[in-house]
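Student: I am new to this structure. Can you take me through it, one question at a time?

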Amino acid sequence: TGSKYGKGRPAPAPPAPAALTSAPVPAAPAAAGAPVLPRRPLSAYNLFFKEQRAALVSPYVSAGADVRGRGSGRSRYRRDGREGRRPNFGDMAKFIARKWNTMGEEEREVYFCRFRKNRDAYDACVLAAAKEATRLTRERKRAAVVAAAKG
């Protein structure tokens, strides 16, 4: 039997992982000429998690360990020179969640402020994209009317 992509057709290659950046990553456009929207902003907890994970993983990254889950799962050396394993994501998530749950409101407010700032920028971008989409639709309709009148 053939694959779901047809007899003799190989399955498409999986997409390459996105780079870990702090800048908003634009989503793929829906159609040609459609405005590109940014990805939704991370929640306050996700901002905290990303920051804490980077801090926990950095000693392994500087030692040359593979922290994305590929390979044998063993780092060469930790920062202190001893051999050791890279952090387990599940254990790391539990540790970070406990830290978040024990934080006070004042400490969390830093992340909520960053979230609100990112959300406001996202909302402004979505509004601008909606206006641009409306403008493009009007232009297309106007062009269609002109073309119908000529032809």
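Tutor: One definition comes before the questions. A salt bridge is a side-chain nitrogen of Lys or Arg within 4 Å of a carboxyl oxygen of Asp or Glu. Keep in mind that this is a predicted model.

Student: Which residues are linked with Arg135 in a network of salt bridges?

Tutor: Start with one bridge. Arg135 pairs with Glu132, and their closest N and O atoms are 2.4 Å apart. Both lie in helix H3, three residues apart, about one turn of the helix. The network joins Arg135 to Glu132 and Glu139.

Student: How many salt bridges does a search of the whole structure find?

Tutor: Arg135 with Glu132 is one of them. Another is Arg116 with Glu109, at 2.3 Å between the closest N and O atoms. The search of the whole structure gives a total of four.

Student: Is Arg114 buried or partly exposed?

Tutor: Use the cut-offs. Buried means under 20% relative accessible area, and exposed means over 50%. Arg114 has 34%, so the class is partly exposed.

Student: Which side chain of opposite charge is nearest to Arg108?

Tutor: Arg108 lies in helix H3. Arg108 is buried yet has no salt bridge. The limit for a bridge is 4 Å. The nearest side chain of opposite charge is 4.3 Å away, and it belongs to Glu105.

Student: What is the order of the elements from the N terminus on?

Tutor: The protein has three helices and zero strands. From the N terminus on, the elements run α-α-α.

Student: What span is expected for H3 at 1.5 Å a residue?

Tutor: H3 has 46 residues. From its first C-alpha to its last it reaches 66 Å. That is close to the expected span, 68 Å.

Student: What kind of aromatic pair do Phe48 and Tyr111 form?

Tutor: Phe48 is buried, with a relative accessible area of 2%. Tyr111 is buried too, with 8%. Their ring centres are 5.2 Å apart, with 80° between the planes. Planes over 60 degrees apart have their own class, and this pair is edge-to-face.

Student: What is the angle between the planes of Tyr45 and Phe49?

Tutor: Tyr45 and Phe49 both lie in helix H1, four residues apart. Their rings are 6.1 Å centre to centre. The pair is tilted, and the angle is 50°.

Notes
Residues are numbered from 1 along each chain as its sequence is written. This is a predicted model: local features need pLDDT of at least 70, side-chain atom pairs count only at pLDDT 80 or more; totals for chains, interfaces and linings use all residues. Side-chain values use heavy atoms; hydrogens and water are left out. Helices (H or I, at least four residues) and strands (E, at least two) are DSSP runs, numbered from the N terminus. Buried means under 20% relative accessible area, exposed over 50%, partly exposed in between (1.4 Å probe, protein chains only). Lys and Arg count as positive and Asp and Glu as negative; His and the chain ends are not counted. The expected span of a helix is 1.5 Å times one less than its number of residues. Rings of Phe, Tyr and Trp (its six-membered ring) pair if their centres lie within 6.5 Å; planes under 30 degrees apart count as stacked, over 60 as edge-to-face and the rest as tilted.
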